[in-house]
Structures are given as structure tokens and as C-alpha cells.
Amino acid sequence: MPKPKITETLDRLSSKKSVKYGVYLTAVIVFFALILLPPILGIIIKWNTMQEVLSQPELTVGALNAIGNSFAVALLVSTIDVIAGVPMAWLITRGKSKWLKILDTLSDIPFIVPTAALGYSLLLFWSGSSGLASLFGSPLVSPGWLLVILLHFTFSYPVIVRVMVGALLDYKREYEQASRTLGAPPFTASRTVTFPILKPSLIASFILAFSRSLSETGATMMVAGILENGNYVPLFENGATFIQTHLGPNKEITGPVVFASFILMILSCSIFIIIRVLGPRLKTPIKKVWPLTERKLSYSAAASSRNGISLLTFFIFVLIPSLFVALPAIEAILGNTLPEALGGGGVWGEYWQSLLLSYGVGAVVTLINAVISLPMAILIARGIFGKKVSGILDILVNIPLIVTSAALGASLKIFWESFAFVPETWLLVFAHLSITYPYLVRSMSAAVERISFDLEEASRTLGAKPLGVFRTIILPLTKYSILSGAIMVFTRSVSETGATLAVTKLRTAPVVIVDWVRQTVPATPLEIGLGCGFLILFSFIILLALRLIVRGKGRY
Amino acid sequence: MPDVRLVNVTKKFGKIVAVNNVSLHIHDKEYFALLGPSGCGKTTLLRLIAGLIQPDEGKIYIGDRLVNDVPPEDRDIGFVFQTFALFPHMNSWNNVTYGPRVKGFDTEKASTIGHEVLEMVRLHERLDAFPSELSGGMMQRIAVARALAAGAKLLLLDEPLGQLDAKVRNELRYEIRRMIRDLGLTAIHVTHDQSEAMAISDRIAVMKKGKVLQVGTPQELYMNPQSIFVAHFIGESNFLEGYVSKISGKGAIIELRGEIKVQAVCEGVKSGERVILAVRPETFIVEKEIKRDKNFVSGTIERVTFEGTNVRYEIRLENQDLVVIVKPSIIGEWFNVGEKVTISFPPEKTHVFAYPEAGLREEIAVE
């Protein structure tokens, strides 16, 4: 079939160096103009307001304490995540039971359930009267710092499991087998060979879990405080919740918000750079071996205990608390709440609107992201402007991922507000665009890196123009990674609360749920349960779609 | 000292039978090759011996010990992987001394062994180098040194030369052979390269589709192949289709296509049976003179290829069969394309096989 004329023209154009570099340069300019510089410039615009905070030592100490809490929780939770998540990833990839495929899917659930629903589910499970209190007589954990840690563990644990499952599946088992044939029992082989080789993946998963904990806002607000006489009283404050509580009555960005955002951004970036630079140099003790002890740890009782503890941890601290909200949701479905909800009466009118807004913004953000991040991904993967530039861009695109989303949202709001013509919905889109941009770029650049350059060269020698190579080789071979990245962008955008609250008065679904739980908008427990239930249901459908789409990957 | 015995060993992967009821005895201090085409089950068999996978049926003995349930680290083996599997995060020294360390040897002993094996593979000066800084040949030597340092008396080599250039491969195969003989080890070497197997092995097992077809010394396999596949895979053979027209004395008269009758020394064939006559390329005698006699067939030179040591001729016989003949390049005169010649072969240097049920093409297929 002859090529349509437009395709032929575009193919021909892509051969011109000026066009090729123009496209990549545009991608870089868009990244700086839309993603990287606005939050930095936002802080600079409001730089003077920080004086207000510095002149009030109490406020400064309060902000610094909250930020300190953020990093303490993130550090603690990410460390526990690694300790609990790595054995689980090991069990999923190395176990022989057919049930492990189901376990693999189940471990993704808290990952894609919107954190607002997750927060309410945990609140019910650990602190509600229908949760563990019904078994033990009184709630085991009250809202406050411990519940925040449990919450952050629940939603960041799957990040470690997912990354490490991928790393273990890609890992060349021959190294481990070589170690075994040289006399090392399984524990020694994994300690001295497998995990040192997988150190980059461990570091990457730690950074992801760490940044996820730093960013989470909505669910943290739910579990960090209590309702007293209908008013929300925070018992624990971290950086993200500090930003929310110090926004003005009409969501104006105040001095404390600018101060906290600035410190959070600087610290996040510094820690990210420290981990990236020092992480690979971190020496693991591989030379010393304790043959007898390690042999005991390798077999039977020790291995079974490790698997047992992994499973128990997963079920008690991750899966059951995540899905506990299903109980009130089912009760609501069996009672009168479902017809009410479907009829759109009471609180439900706003709920459905917020759901539409969430999915609408999610879809627009995903589409824009796909357009602007693909050339950037290729640029990074193929080193179009040289290896050094690619390396720098590779670090820079990660920044929105590691900076607390509430801080990002606040600084973005300052920047975009100075352009009066930007409508509020677009402010929301820009904020979500910033937060989700790294997901697609990372997913796509990793996929392009896996494609042998020989394939591209073969295609060129057979007569394909650069755009033709992209259309016929890169796109078909990376479409599953693009789809996976796009779904991550979409679900992250739908889940996002911190930045949404900071940039706009528009109410997305997670914001509505947070307000219901904090009783800013009065809603019954059954209504909250059903609202969360709907969010989880849609998330399941997305997970299912992801699984079905990614399943085709094996064909290549 | 370890000999290895496999008794009716079977290994399946889903519906695929990778190793099918294999029994073998590899003697102490023997250099034994498992030879066969890709996917024939030779690597699976080696991994079964190493304990990296477990058999579905059968027994595996190393020495007198039944090792079916013994994990690889307790089998006292050394394994050299095709990709070398040198630990990328360790330098040569740490790779080589890994075995002694994980086995709990004291530092001094581990160090002595490390120096000894690095000396043996002549890479002492590169003990600080990481695998990514070594050439293919060096990586291969370090991989062998690492396996030897673990102190095993049984060395398992999975296509250890497969990733190397032809020249380095030729040098290293003799080096490994010498080292193993000097150390008095038993070695099992997996390869798909018949010339490599023939050059270094005491005995070879030829495998196809999970089964061992024949075990023997290189000479036995070459001179007396028991099947068409072995005749095809070990060295080179011309296969001519025909019928047994008459049993005579020690052999039979075979009638080839075009009513050409030739004599072959063989046993166990019946008159009228459809057979394949196998003749090695170097067995043929080629003459310019046209002769009409028993075992003389005329033909025309279709292609001449100079291969250095030998000249290879493709000759179209009068019955349209094509045969390949190899002659030393420095002996006698060469023939030219289009030249009419007569070929002949001694009856005792032929092999006669019953025509395979699945057909000749399927029987000699290597994939």
C-alpha cells in the first residue's frame, strides 16, 4: 500500500537535520518552560514573603519540625519497605507455587488504589470501631504519627516490590548459579552476588518509595488528626500537611507555604543527588562469609520463616488494610446508599462531578504528556545531544518525582497566577503535568535503551527515514512501555491530592473524599465507604486493562 | 576421585522432553564431551549433573554418592558457563578466590590457591582488573581459574569456548585440556562443535532430541558411526539412496539411482531393503580416466573450492546425485569445473544404514 502523501512528506522532512534537532530542542524547551522552571521561578517570585516566617521563630521551628517529620517518616518507611518488600519480591520471582501470580497481582493493589481511598480504608481498619477494634475491644492504633507510618508503608511497599520483581526477573541468574556451583549456599549467593549486582535497582526503588512518602498529602491528612466537635485537629504534621494548613482562606500562597515549599524542594533534590552519587559507592560486605550461619539461613526453617513473615506482613499491613473499605462499601450497596448515590442526590452530585473532573484532567494530562515526553525520552536514551547532556537531562526529569507534590503545587500556583489569563482548570492540568511527566519519560527511555541500535541502523539501510524508523521500529517495540507509562500517569493524576489542594479550589474526587472524612463536607461513613469503593473499582478496571495490555509484551 | 553415572535420567520442561532416559558413565579423570546440535539437551544434562536443575526421573551419582537431592554447592564441582558469568562487581582476584572464601577456607589458604590458579592461567598481572576490562580470552581463563580454585575434582564446561574468536578458541581448547590432564580432573565439556569435541575429548556422547545416540572415542565415532545422524554430525558424509540388490560375501551390492550398482561391506541388511549408503568425502578416489567397473561411477565436476589444506569438489554423478569429495591441496593435480571424471571408493570404507522412517532430510536435520 503506498504511503499517504502527508506521511511521505513528514518522512522526508525528518531527514533534514534542522527538523530533527528542532523537534528535540523543542522537547527540551517545553520541559524547561512547562515542567522545570515554573516551580523554581514561583519560589523566586514570592521570595520576599519568607521574611515573614523567619521573623517568627515559632513558625520557622514549626515548619522545620514538620519538614523534619516528612523526611524522618520517609526514611523510616522506605527502609522498612526494603526490608519487607525485597523478600516478597524474591518469593514472587523465585517461588514455585502457581498462587504466586495472584500474589503478584495482589501486591499491586495499594499501588493503584487512590491514596485518599487507601487512607480512609486504613483509618477504618486500624482506628475505626468496625476494624480491629471489633476484635480487640479498642482501636490498636489511633490517628497520629504511627498511623501515618503505617499508611505510608502500605502505599510505598508495592513500589519496592514492583521494582525489585522487575529487577529480579531481568537479572541474569547465571551469576547466582555460578556462585552456587562454587560452594555458596543460597543465602550467601544472594548476599554476595545477586543483591550487590541489583544495587542500582535497590537504590532506585528506595528513591521512589522515599519520594512517594514525601509527596503524599490527602491520606496523610486523614490519618494524622482527629475530629473534635466537628473540627479537625492535627496530631502530627509533616511538610505536605503543613503546606495545606497554612494556605490562606481562599487558598492564597502565604509566607509559611513558600518557606516550607522552598526547604522541601531544596532538601528533596539534595537527598536525591546524595543517594544518586553515594549510593553506587556504598560498599556491601561481600568479602566476609560466615559459612555455617549462612548455610543455616539458606534452608528449611529459616527460608520458610522468611516467606511466612513476608506473607503475613503483606496481608496484615498492606492488603487487608487497603481493601478494608470494601466492608462499608458493600454495606452501602446492600442498603439505600447505592440508589441515592446513583441518583446523584445529597453529596453525590458533587462526587460524580469531581470524578468526571479527575478522569477528564487525567486524560488530558496523559495525552499532553505523551506528546511532550516521547521526544525527550528518545533524546535521553539515544544521547542525541551527547552523553553528558543526556545524563544531565536524565537527572533533571526526575526532579518532579522527588519533590513533595504539595510544594510543587504551591510554587506552580505562584508562577501561573502571574499569568492572569490561565484558567483554573489549566492550572490543575499544569500541576498534574509537572508531577506525572517523569513517569512516561522514564518508562519510554528505558524501553528505547533496550532496543538494539542495530535495528534502527538496519531500518535506515533498508531505506527508512528517521520518522519512518520511529514509526516502524521504535513505536511498535515500545508501545507496551508507552502504554504502561501512560496508565501510570493517568492513575497518578487521578490520585493526586497535595498539588491539587495547593493550586486550585476545583474539587477532584480525592479532594472530595478527604473533605468527607474530615467532615468539612458532612458525609456518613457509608457514603464515604461507597465513594472510596467506586474509586477502587475504577482503579481495578485500570489495573486489569494494564495487565491485559502488557500481557502482549511476550510477543516481542 | 569422581566418576559420574547417570541412570535413566529424564528431564521435562512442560511437554518438551529435554533429556530422555539417558544413561551414561563418565570415568574418573576422563575428558568427556557432550556433543550435539542446539536444543539437543546437552546443556540440560550438564545442569542436571551440576544440580542447577533436578531430574524428573532417574538417578545421578558423583563418585559413589547419589546426588539427586544434593544442592549444587555441596556437589563439589566446578562449572564454567558459556557466558563466563564472572561477577561484574568483583575484580579478577575476588572472582577467583570466591570459591575458597564461601567454603570457609582461611584467608591465607584462599590467597595461596588464588595465586596458584592465576599463575596457572597466566593472568597474575591482571588480578585487579574487573571483568569489563578483560578480553574474551582472559575472561574465559579467569572463569576456568575460578572453577579450579573451588578445589573441585569434577569440572563441568558449558560451551566454554563458544563466545571466542576462532583463533583464540583453537589455542584455549588445548590449554584447558592440558591443564585438566595435569591436575588429574574429570571434565564434562558441552559443545556443538564436532571438531572441538574430537580434538580434546577422550570420549564423546553424541546427542539428538534429548537422547544419547552413541558414545565412543573420536576415532570410533568417525570410523564406525552407528546411525546416519552420527555419520552426518561427526565429520562429513555423502548419503546415497539405494536398494540392496544382492547379499554377497561380507557385504552387499547396492543399487543406486540410475541402476548404478556398487559394492559395500555391511551387516544386517536384507535383499530388497531400502538403504542409505554413507561415504566420507576423503574416501573417494577421483580419476580423469573414464572407467566402467564395480564401484566406479562417472560424473562431472560442478564446483571447485580451495580451502587451504584441502580442495573440495562437488561432483554431479551420472544418476544426478551430488557428492562432495575432499582432496589434499598439495597432492596430485586439480580438476576443473566441467571436467568429466570417474569416482570410486573401497567397499570396506562405506557404511550402510536402513532408510530412516522419517526420511533422510529429517534424520540428519540439526534443528
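Which residue with a positive phi follows helix 5 of chain B? Gly151(B) follows this helix, with a phi near 85°.

## Basis of the model

This is a predicted model, in which local features need pLDDT of at least 70 and side-chain atom pairs count only at pLDDT 80 or more, while totals for chains, interfaces and linings use all residues. Residues are numbered from 1 along each chain as its sequence is written, and chains are lettered from A and ligands numbered from 1 in the order in which they are written.

## Helix 5 of chain B

Helix 5 of chain B covers residues 136-149; helices (H or I, at least four residues) and strands (E, at least two) are DSSP runs, numbered from the N terminus.

Because 12 of its 14 residues are buried, helix 5 of chain B is largely enclosed by the rest of the structure. A residue is buried if 20 or more other C-beta atoms lie within 10 Å of its own, with C-beta atoms placed from the backbone. The buried residues include Met138(B), Arg141(B) and Leu148(B). Elements of chain B against which the buried residues pack include helix 4 (107-120) and helix 6 (166-183); contact requires C-beta atoms, placed from the backbone, within 7 Å.

## Contact between the chains

Chain B gives 22 residues to the contact and chain A gives 17. On the side of chain B that touches chain A, helix 3 of chain B gives the most, with four residues.

Notes
Two residues are in contact if their C-beta atoms, placed from the backbone, lie within 7 Å. The expected span of a helix is 1.5 Å times one less than its number of residues.
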